[in-house]
Amino acid sequence: MSAKVQVQTTINNEPVQFLCEPRQSLLECLRDIVGLTGTKEGCGDGNCGSCTVKLGDRIVTSCLVLGVEAAGESITTVEGLAHGSTLHPLQKAFLDHAALQCGICTPGFLIAADALLQKHPHPTEEQTRFWLSNNLCRCTGYDKIIRAVQAAAIEINGAAQ
Amino acid sequence: MSTTYNVIGTRPIRHDGADKVTGRALYGADLQLARMIHGAILRSPHAHARILRIDTSKAEALPGVFAVVTAADFPPAPADKIVDFGEGDTLLSSLRGNILASGKVLYSGHAVAAVAAVNAHVAAEAAALIEVDYEPLPCVLTAPEAMAPGAPILHDDLPNGNVAELIRYEMGDLAAGFAEATVIVERELDTATVHQGYIEPQNATAFWSSDGRIHIWCSTQGSFVARDASAAVLDVPVSQVKVTPMEIGGGFGGKINVYLEPVAALLSKKVGRPVKLVMSRRDVFTGTGPTPGSRVRVKIGVNDAGKITAAQAWLAYEAGAYPGAMVGPGAMTVFACYEIENVLIEGFDVVVNKPSTSAYRAPGAPNSALATETVLDEIAEKLGLDPLDLRLRNAAKEGTRRADGPRYKRIGCIEVLEAMKASPHYNAPLPGPNCGRGVAIGFWFNAGLPSSATLSVNADGTVNLIEGSTDIGGSRTSLSMQAAEVLGLRAEDIHPTIVDTDSVGYTGVTGGSRTTFSTGLAVHDAAQMVVEQMKARAARLWAVDEVAFSNGTFSGNGQSLTFAELAAQLGATGGPVSCSATVNPKGVGGSIAGLIIDVQVDPETGKTDVLRATSVQDAGKAIHPAYVEGQMQGGTAQGIGWALNEEYFMDAAGDMRNGSYLDYRMPTALDLPMIETIIVEVPNPGHPFGVRGVGEANIVPPLAAVANALYRATGKRLNRVPMNPATILGL
Amino acid sequence: MATVFFPTLVRQQTGGLAQIEVSGATVGELIIGIEARFPGISKHLLRPNLAISVDDEVTPLGVLEPVRPDSEVHFIAAISGG
Amino acid sequence: MKAFDYAAPASLPEAVGLLASQPSARLLAGGTDLLVQLRSGRKDADVVIDVKKIPELNETTFSPTDGLTIGAAVPCYRLTDDASIQSHYPALAEVASWIGGTQIQGRASLGGNLCNSAPSADSIPLLIALSASAVIAGPSGRRAVPVEEFCTAPGRNQLAPGELLVSIHIPAPAPFSGAAYLRFIPRNEMDIAVVGAGASVTLANGVISAARIALSSVAPTPLFVPAAGEALLNQMPTAAALEAAAKIAQEAASPISDMRGTAAYRRHLCAVMARRALELAVARAQEIK
């Protein structure tokens with residue numbers, strides 16, 4: 001075991017510090033040290049997207065980031081999407097459109113879709129599918145997820161011009 | 001006759017929705033317990049080998065390691081002991097053997113030993129320090145090879161080499177039937193081993209208390225099956241094991257068997273602390289149960305009128321390391337959509353050096369439907385008939401006798417075919433060159449099995465629902481809706497909670513498309529008991545003999561109270577009302593599903609794009625149509641992945657070369673179109689609301705529908721699934 | 001009398017006979033009757049992997065399931081599903 | 001994953017010094033290959049050196065005369081979103097959007113893709129086609145290596161002990177030039193190329209004056225096929241000419257069979273993908289006014 005490292009970071013707009021081994025992934029640190037288990041692990045090699053978090057201004061698969069790399073960074077996880085007890089429009093759209101079945105991929109999809117809507121306020125179906133192709137869902141066939149994201153786009157940004 | 005409902009058929013927000021979109025819902029791997037330590041499993045690198053020696057001393061000496069276990073740590077039991085946990089009987093030695101290998105390893109990935117340590121990294125380092133001496137043996141990886149003379153033998157105690165079971169169904173006079181046929185087509189098709197692909201890896205945490213009780217937390221399709229199997233493996237009474245089902249990240253049949261639970265328990269017993277085990281994705285591929293690869297030969301004869309005169313099938317399914325391929329259901333479903341007088345079906349359950357297979361959504365049926373439905377497509381073309389018309393001329397209906405003996409009660413085969421024929425998709429032109437449209441249908445039985453539920457009336461007029469069916473796709477809501485319908489309440493007035501095995505009556509797996517049917521029946525029955533008790537309270541209050549209940553209002557002798565008003569008075573009329581029901585139902589209604597699919601093939605690369613798909617299914621009655629559509633879309637997506645790209649790519653030594661999501665190519669969002677759905681409702685007379693169950697039949701048609709579409713696009717009939725680009729080009 | 005259908009592979013025990021009419025009030029009584037005619041056959045019918053179907057429905061009661069004089073009894077592969 | 005220490009040097013000399021003193025150090029840029037390899041045990045390390053804090057490795061600069069310099073740790077998304085890359089090197093912006101998915105592109109870098117030196121690397125055939133060079137720093141100073149000479153075997157390259165990749169330099173695009181990278185994957189994203197082809201073409205009065213073609217996943221290293229480009233010199237970009245060049249590329253390939261495709265299928269795809277990449281490169285060259 002290597003010496004543990006103190007990491008100062010901001011998670012969901014709150015300053016957080018945690019102690020981790022250099023080999024521990026950001027995902028592990030979030031789940032096992034900080035106690036934010038909303039971010040899920042599905043594959044450990046960046047291919048399923050369940051562990052997606054926002055790191056700085058980009059979404060990443062947190063299984064492929066070391067916890068120590070988060071020093072000085074700002075992180076958003078699924079626990080930080082809602083405003084108090086008010087769901088984020090994407091969260092509400094996922095419920096309205098039955099866009100989750102088992103729900104294990106949902107946190108990753110929500111974070112990824114949030115970043116999509118910031119980059120493309122009115123994404124086409126093709127843009128949405130391309131952006132979300134790093135997130136696997138095995139239950140839904142994606143149909144209701146795509147519809148939920150499109151509905152949330154209108155809710156957040158108004159109808160496309 | 002159509003019944004009108006207040007709640008059934010609406011689309012309320014699921015009860016666990018807020019927890020699941022905010023990250024609060026706790027899945028198995030999310031569990032944190034005081035003093036909890038972590039485990040890792042050592043797996044075999046060989047597909048077939050004798051274990052000569054296991055030396056755990058170096059692992060045990062590593063700082064941070066608490067315990068190591070192997071098969072030698074199971075309590076002693078007679079070699080021929082059989083365990084029965086309600087849903088099928090198994091040899092204890094097979095059950096244990098798959099959990100920790102003893103004597104021989106039978107597949108690459110077979111668990112050999114396990115370590116518990118201060119964290120998962122140290123546990124993995126320790127597992128790598130365990131020394132195992134193997135004597136490698138020749139391996140056999142496919143059913144036809146395993147059935148051939150001279151094949152390496154996996155189990156010395158099977159009477160017929162690697163054939164664990166032979167199945168045979170016979171009806172009528174096959175030779176006479178074929179003699180009447182004017183067109184006969186025979187084809188042989190292979191399918192590769194595929195995995196359910198649930199995104200959440202298997203996990204289990206166990207604590208073996210000093211009082212002898214074992215508490216297991218895991219993501220399972222059936223907490224009671226996990227309890228009973230764990231108790232059997234550990235040779236303790238079932239009452240000594242309590243399973244708390246955590247939220248579950250997909251199962252599709254793959255999270256019925258136990259893999260980690262007994263191992264975590266054995267480690268915990270040695271250490272006296274809770275032990276958590278979580279699989280890696282590669283462990284999931286190589287160490288859990290995929291669904292069988294198969295070879296199926298089908299021969300069908302049809303007369304000039306387009307009537308099937310005879311049908312014959314030969315099926316060999318790869319069980320993996322231990323007996324139990326899904327060849328039984330494969331054989332029973334191969335011709336189940338059709339009324340055929342002369343039939344012969346032979347099935348072989350064959351062990352091979354691959355992971356021991358388990359159920360996957362209508363297990364066994366997609367493999368066999370692939371052969372039947374592509375042969376029928378070829379016959380339709382030869383006869384110049386629309387492929388749906390050929391099927392309609394032969395469609396099973398009420399009274400049709402299946403080859404395995406029983407006759408259908410009400411069945412929606414004709415209704416599904418007619419819905420397909422009338423659909424906008426089937427009547428739309430194809431968009432361009434190199435495109436093809438395929439259709440296919442399929443059948444699945446659905447299951448009954450026991451279920452339990454308790455309803456407790458709250459003074460504010462809501463009702464708590466206690467149940468034991470793990471919720472993989474919205475079943476809290478489909479069950480609550482049935483209670484609400486009976487009680488005249490809204491879905492959101494029911495508060496469902498899924499509890500541990502000590503806290504509710506026995507409940508079978510969330511599988512076999514049975515939860516909304518069976519647990520739904522238990523909820524329905526408990527709700528009716530609540531109504532009766534509440535009527536009695538109203539009768540007492542009003543001093544009347546007769547109380548009526550409709551649309552949420554009790555009335556009698558000119559007085560009336562709403563459910564909520566009466567609920568508020570329960571305390572004063574005799575105390576709280578709480579009713580439990582346990583069912584073990586008959587009356588299961590099978591489901592027919594169909595798929596229409598358009599593909600486009602790049603003639604230079606063989607790449608297939610799915611352009612349009614319409615899934616049609618008889619739900620009996622769709623309780624929550626959005627989640628019924630979701631089942632149909634999900635099953636279709638899985639079937640398309642199975643048809644086009646997914647497979648276990650094994651090297652000659654039996655090692656899976658693509659055990660990651662990168663190379664086990666499940667469809668991404670970019671690989672699928674929107675999936676249209678048409679819900680057909682032919683009510684099941686065996687359920688008060690007509691429910692049949694919708695989880696499975698939808699995965700039966702896609703393999704064949706894609707194959708038929710590819711034929712129309714390319715002119716080629718492929719004899720192997722996956723029909724990937726190289727296969728399509730014959731390279 | 002109820003009609004009992006023999007699975008194809010059990011017909012070795014019945015000399016090729018595919019079905020038989022037996023009297024009895026339950027599946028169990030039918031099997032006692034059949035066993036009397038074909039000694040040893042019941043172990044081929046009452047196996048863990050076979051389910052009993054009475055009048056086209058798999059019965060959770062097994063041998064205790066009541067039968068009517070016009071009932072049909074089949075022994076089919078046990079299935080639960082995924 | 002075995003335990004390791006972590007260092008994040010802020011300057012190039014510091015990084016070179018660390019690397020020289022730690023024989024089993026591994027460099028971390030985006031980590032999308034390295035962390036997978038460390039976790040699976042295919043690689044191990046005593047120290048992981050994070051190079052993202054080194055300014056020079058985290059910058060891109062473009063000038064119409066000197067061309068483009070991409071810091072070795074610049075993540076792909078910054079290339080896709082960069083206006084000057086979009087207009088001068090559209091194929092590069094495109095390939096950066098194809099490496100992994102959205103999340104991977106938030107971390108993965110072209111430098112990492114090059115240093116991982118996989119035969120299937122998506123960016124390398126294009127970098128070869130664009131005549132890119134790898135700028136390397138080490139204890140004995142700096143050197144530049146043409147990208148086609150950088151990889152030496154699967155997972156191996158020209159980096160000597162103590163050396164690290166600083167940047168990738170791509171010359172300014174010639175007038176009337178175009179480039180393209182196309183890959184064949186069975187899915188539409190999140191896949192490793194079964195065969196990839198990079199091509200660049202420069203036209204002079206409608207005649208091809210320069211052309212370069214490289215392939216991935218068909219040899220132990222990304223494969224530059226000079227003869228394929230040379231065959232196009234002084235030709236009109238006709239279908240027949242492009243087809244012939246693609247055939248030359250195909251003949252140079254020596255693919256193997258594995259879980260991603262058979263040798264025969266890969267060989268077939270070589271000609272298809274090389275021709276399609278050439279066609280797109282020509283179309284882009286013709287677009288430029």
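Biologist: On the other side of α1(C), which residues are exposed?

Modeller: This is a predicted model, in which local features need pLDDT of at least 70, side-chain atom pairs count only at pLDDT 80 or more, and totals for chains, interfaces and linings use all residues. Residues are numbered from 1 along each chain as its sequence is written, chains are lettered from A and ligands numbered from 1 in the order in which they are written, and side-chain values use heavy atoms, without hydrogens and water. The exposed residues there are C:Ile32 and C:Ala36, where exposed means over 50% relative accessible area, buried under 20% and partly exposed in between (1.4 Å probe, protein chains only). Helices (H or I, at least four residues) and strands (E, at least two) are DSSP runs, numbered from the N terminus.

Biologist: Why do the buried residues of α1(C) line one face of the helix?

Modeller: An α-helix has 3.6 residues a turn, so residues three or four places apart point the same way. In α1 of chain C, residues 27–37, the buried ones are C:Val27, C:Gly28, C:Leu30, C:Ile31 and C:Ile34. Seen down the axis, they fall within an arc of 155 degrees (taken from the directions from the helix axis to the C-beta atoms), so they line one face. Their packing partners in chain C include β1 (2–5), β3 (50–54) and β5 (72–77), with contact meaning heavy atoms within 4.5 Å.

Biologist: How many residues of β5(C) are buried, and how does β5(C) pair with β3(C)?

Modeller: Six of the six are buried, so β5(C) is largely enclosed by the rest of the structure. Five bridges join β3(C) to β5(C) in the antiparallel sense, pairing requiring at least two DSSP bridges, and C:Ile52 stands opposite C:Phe75.
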